[in-house]
Every structure is written in C-alpha cells, then in structure tokens.
Amino acid sequence: MSYSTQASNQVFQYITDHISAGVWKPGMKIDTEDQLCQTLSVSRAAVRQAIERLSSLSVLRKQQGSGTYVNGFDQVSLMGMLYYPPSRETMMTVLEFRRMFDSYNAELFVAHASQEELDAVEENYREMVTLKDDPQKFQSYESQFHHLLAIGTHNVIIQQISVLLTDLLTWHQAMQYDNIGPDNSILWHGRILEALQERNGELASLYTRIHIDNSIEYVEAHIHTKA
C-alpha cells in the first residue's frame, strides 16, 4: 500500500471515528483541510481524497465558501450508514427494513435451501445459545444467522445486500443486546429454526416478523434519544 493511500485511509478513519463517536453530528462542520493536515501530519491531497470518498457515500457534503458538513442519516448511502452512531432513529430504520427483508428471506430459504445449508443454520443457533453471555460473539452469531438465511435463498441480489448490511446490522444488534438482552433473540431464533426444520416457510416468515416486531415495540417504548 502506497504512502498516499495509507494517509488517505488515516484521514478517512479519523473523520468516520469522530462521526461514529458523535463528536461531529449531522449538520456540523468538520475540521478544515488545513486543520486535518496539521492534526494528522498528512498532505492536503490525502485529506481531499478522504473527503471525496465520504462525499461519494453522501456522509459529507462540501459547501462552497463555507466548509464540509456531516449529512443527516436520512441523506446517506447504504454503505455510509455504517459510520453513524446507533440511535432510536437509526434503529427504527434498520428494524423496519429487516422486518421485510429477513421475513421474506426465511420464506425463500425454505423453498430453496439445501440440507447442508439448514445444517449450517442449526449449528449457528447452537453456538449462539452457548455464547449468550458473551455480547460480542453472540451478536456475531446472531448476524450470521440472518446471513445464512440469505445464502439459502439462492438469490444473488439478496445475498449481496446481506453482505452489505452485515456490519450495519451487527452495530444495531449490539445496541439491542445492551437494551433488550439475548433471551428474546434466542427464543425467536429457536422458533424460526423449528419452522425451517419443518420446511414451513409461512411460519418461519411469521416468527421472523414477530421477533422483529418485539424489538420495534421495545425501541418505541424505551429508547428516546436521537443521533
């Protein structure tokens, strides 16, 4: 990796870390190019490359004669969402999408998945249960459970969207774990798995929606802050 690429990545990481930590919130102006150059000891070209990358993701917007600002969560691209801190607003956005996406994936999984793919989901669930007291590993397996369903749909577009969403879903699942705990997830993933084993796509889809609806209801009732 060339020095210029490393420097650009350093600036990119610095900016996204500040956004993720809530230091630079939507609507706020980030440091100037000169300030970033001085703080990070990098060239102006490296700073501009990083800002261009984030602008292409709609995370940042450049305003002529004023500076560079952080866009709102509702203005960013799918990949750009990864750099925003979890909040009630972002959790609801993710959960509402998952209600549609995951439930249909469960139905398609039953229609198209092989026995080997079902075995992989079963193994994933067993590991998830044993790791319920390890938040980081539990969240990883929970996210992988949904990705395995996407793989089993044998739909290339669904699979690619699932890959793009994995990091975003894991981030918000971490917030759900902190607020809701693992028991609700274990309960409903277990019921989803039972329906998959019975090759009942309609029931698997229903259980998936109920599981996500429970999370939505909790967020609506108990989480009030916004990014």
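Leu60 is in contact (heavy atoms within 4.5 Å) with Ile15, Ile19, Ile30, Ile51, Leu54, Ser55, Thr68, Tyr69, Val70 and Asn71, leaving aside its neighbours within four places in sequence. The structure is a predicted model, in which local features need pLDDT of at least 70 and side-chain atom pairs count only at pLDDT 80 or more, while totals for chains, interfaces and linings use all residues. Residues are numbered from 1 along each chain as its sequence is written, and side-chain values use heavy atoms, with hydrogens and water left out.

Leu60 and Ile15 touch the most other members of the largest nonpolar core, which has 32 residues. A nonpolar core is a set of buried Ala, Val, Leu, Ile, Met, Phe, Trp, Tyr and Cys residues joined through side-chain atoms within 4.5 Å; buried means under 20% relative accessible area, exposed over 50%, and partly exposed in between, with a 1.4 Å probe and protein chains only. At least two residues of this core come from each of helix 1 (3-20), helix 2 (33-40), helix 3 (44-56), helix 4 and helix 7 (156-180). Helices (H or I, at least four residues) and strands (E, at least two) are DSSP runs, numbered from the N terminus. Another core, of 18 residues, lies apart from it and includes Val110, Ala113, Val121 and Phe138. In soluble globular proteins, nonpolar side chains tend to be buried together.

Strand 1 (residues 60-63) pairs with strand 2 in the antiparallel sense over 4 bridges; pairing requires that DSSP finds at least two bridges between two strands. Val70 in strand 2 is the bridge partner of Leu60. The hairpin of these strands has 3 residues between them, and Gly65 there takes a positive phi near 80°.

Asn71 is found in the loop between strand 2 (67-70) and helix 4. Asn71 counts as buried because its relative accessibility is 7%. Its side chain reaches the backbone oxygen of Ser58 at 2.8 Å.

In helix 4 (residues 88-112) lies Asp102, which counts as buried at 2% relative accessibility. The side chain of Asp102 makes a polar contact with the side chain of His146 (3.3 Å). A polar contact is a pair of N or O atoms within 3.5 Å; within protein, one must be able to donate a hydrogen and the other to accept it, and residues adjacent in sequence count only if both atoms are side-chain atoms. Leaving aside neighbours within four places in sequence, Asp102 is also in contact with Thr208 and Ile212.
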